[in-house]
Amino acid sequence: MAGGHQPIDSEDGYRALFYPDANNYELMREGKNPVYYWVPDQLRIARHGGEKGDYKFSLLRFAGGAGTAKPTVGGVLGLTTTGSIPAAAMERLQKKLIEKITSTSSNNGLWNPQGREPMFRPVTLLASTANISDLKFTQTGLRHFVQDKKTKKFEFRTSGMLGKGNREKIVKGPTKKDEGIGDWYWVLQGAGAASMDPTSEHAFTALLGRGPAAILYDTFKGASTVIYASLVMDLQMWTPKIKLSVKGEWKKIYDHFSAHANAHYLWTSADIRYQLNNTDLKGKISVEISPIGSFPGSADIAKYLRDKSDLVLDRFTQEAQRIIFDPAPVDETAAEASSSGAGASPWGVAFALKKRIDETELDLAYEETMQFSHVQQTVVSSSLQGLLHAMATEENAEGKYFPSVNLDDWPKELARTTAPIASWQTKLFHSLSVQIGYPDKSGALLWKNHVFTAPNSSTELENWTYTVFQKAEHEVENPPAGWKPDRTFVKRAIHFNEPDPYDEFHIRRITVPEGMLQLDKGENGTPLNDSIVEVRAQSNTIMAVSVHFRGVLKENQEAELTVQAVDEKNQPIGEEARFYADAANLRQPRSWTLCPAPSPSHRYQYKVTVYDWSDGSEWVSKRPTISSGPLRAPILPKSSQNVTFRFRERQK
């Protein structure tokens, strides 16, 4: 491939550079077709599946941490550039080249095909480097050319004045742990060594700060962008064939020396060399170098050829000495060796012209054809076109080429804040517990738990937060019944205080057969998608009754209250509970807790028995009283018509 190119443009927007083969002279002289090489002269965004597929482009914008001290905002640019030219467009480019060189290059043997059908081949590169530009800016901001959305006019805008801290981040990125990227951050990956095929694709990815992401979002949706792609290619070029020719006709040379014999009897090497360089002798010894031309390194090549021709002449000189001259007699001294004034040979050797030349009829010639290569660097640089047409014609182009990601959406964090709600001052509850579970990939629930106890003060309110990353439905095999990606399973329980074994008067009666109350039924509890989960010590399953005695007891009297739950038909169910009182503790509040509640109505029946230890009498309500809510048990006198009176010993 020889230097010198022909740029050709096609009607459909493709452009290529064509180079001739350095041996096109010889190829056509031998009856062969000339060869031309091509390389693309523009770059663009590549597409999937040829020229009609989706663009290999994406500008993803991301944001997260809204409302926090360190929000993260930026983007990720991914694109692939190519210099490939479709086959149909290449045929048109080749046809235009043939038309051009046929009409304008008739005297140039490298270009003129002389009626033959040329052969076309892509250039093979020695090396190439691909890159895309970044956004350069000043301290006062970046000036960029954009189209106004309302007026549709193009205008310059300046955006993003840089603060001192941001100027550091531009170059260094985050300067502290967990710090977001700078507003003008730009880190590119993919730039550097590229393929040896100039038509291949090259992919780039860049992490962007807020400023570049916003600018590229606007410009890539238009007709042209502020980003350019470049491909620096090293091409191997060859010179046309260069011919070095040195010829000498020794008969003519001998005659030349004979004509000068009257001035010399003996000849030194310097004498012979002088005569060989003599103007009169140049027609008898010819040195030809053709052609050299101008190309990178041509001066060095010319020097190399001159040095080589000098070596050939030296060899010819030696042959001349051997064939045309005889060595001088041995007994000649150096002083007598020459009268030329140049002095004898420094080695004391001189030569005498031979008397006979009938045996020196000799023609010597040296001829060499050479080609030299050099590296020529070619740069292809193109401003990348925007996706204006695609945005207008392709379905869902916005989501396809310009997706956005809310960093708070993935991995999405499910948070459950649990808070205990209980009347701790009643001393009824020992603790409240909560268990929260979320399935692993096999569907097994992984549980975490927390136990709430009574706070030391009303200001020390406790809560507990459970967090887990949300899974998609397809990520969980065999999920538990009722599960959805945004649901966690909750199991809450109330744990009661044990009755005081030394409570002689049964101030607090607690009937909890299982020792605790599960608020959420089932093996896995309740699936919830609430972010706030209350653990309440109140439930329809707890029957809690405050108990008070009303009336008067004398010093030797004692009251017994018997209470029992009833069903919807007022039939007693469950165990009885008993409370005792004397004159000293009659006014003390009491409580009765039954868990689980035997019926939803929370109704109960009660009766009061009074013991008078002074005379051994007792009286009891004639019939139980049905009630609900707080129990205010009246202590009736023995004379009441609603009691049954008798004398008997109290049966404990």
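Analyst: Rings of Phe, Tyr and Trp (its six-membered ring) pair if their centres lie within 6.5 Å, and planes under 30 degrees apart count as stacked, over 60 as edge-to-face and the rest as tilted. By that criterion, a search of the whole structure finds 15 aromatic pairs. This is a predicted model, in which local features need pLDDT of at least 70 and side-chain atom pairs count only at pLDDT 80 or more, whereas totals for chains, interfaces and linings use all residues. Residues are numbered from 1 along each chain as its sequence is written, and side-chain values use heavy atoms, with hydrogens and water left out.

User: What is the geometry of the aromatic pair formed by F429 and F496?

Analyst: A pair of aromatic rings is described by the distance of the centres and the angle of the planes. For F429 and F496 the values are 5.8 Å centre to centre and 40° between the planes, a tilted pair.

User: Are F429 and F496 buried or exposed?

Analyst: Buried means under 20% relative accessible area, exposed over 50%, and partly exposed in between, with a 1.4 Å probe and protein chains only. F429 is buried at 8%, and F496 is likewise buried, at 7%. As a further case, the ring centres of F645 and F647 are 5.0 Å apart with the planes at 90°, so this pair is edge-to-face; F645 is partly exposed at 34%, while F647 is exposed at 55%.

User: Which residue lies over the face of W447?

Analyst: A charge sits over a ring if NZ of Lys or CZ of Arg is within 6 Å of the ring centre and within 35 degrees of the ring normal. K491 lies over the face of W447, at 4.4 Å from the ring centre, and R61 is placed over the face of Y217, at 3.7 Å from the ring centre.

User: Which side chain joins T488 in a polar contact?

Analyst: A polar contact is a pair of N or O atoms within 3.5 Å; within protein, one must be able to donate a hydrogen and the other to accept it, and residues adjacent in sequence count only if both atoms are side-chain atoms. The side chain of T488 has such a contact, of 2.9 Å, with that of R416. T488 is found in strand 27, residues 488-496, and is buried, with a relative accessible area of 0%.

Methods:
Helices (H or I, at least four residues) and strands (E, at least two) are DSSP runs, numbered from the N terminus.
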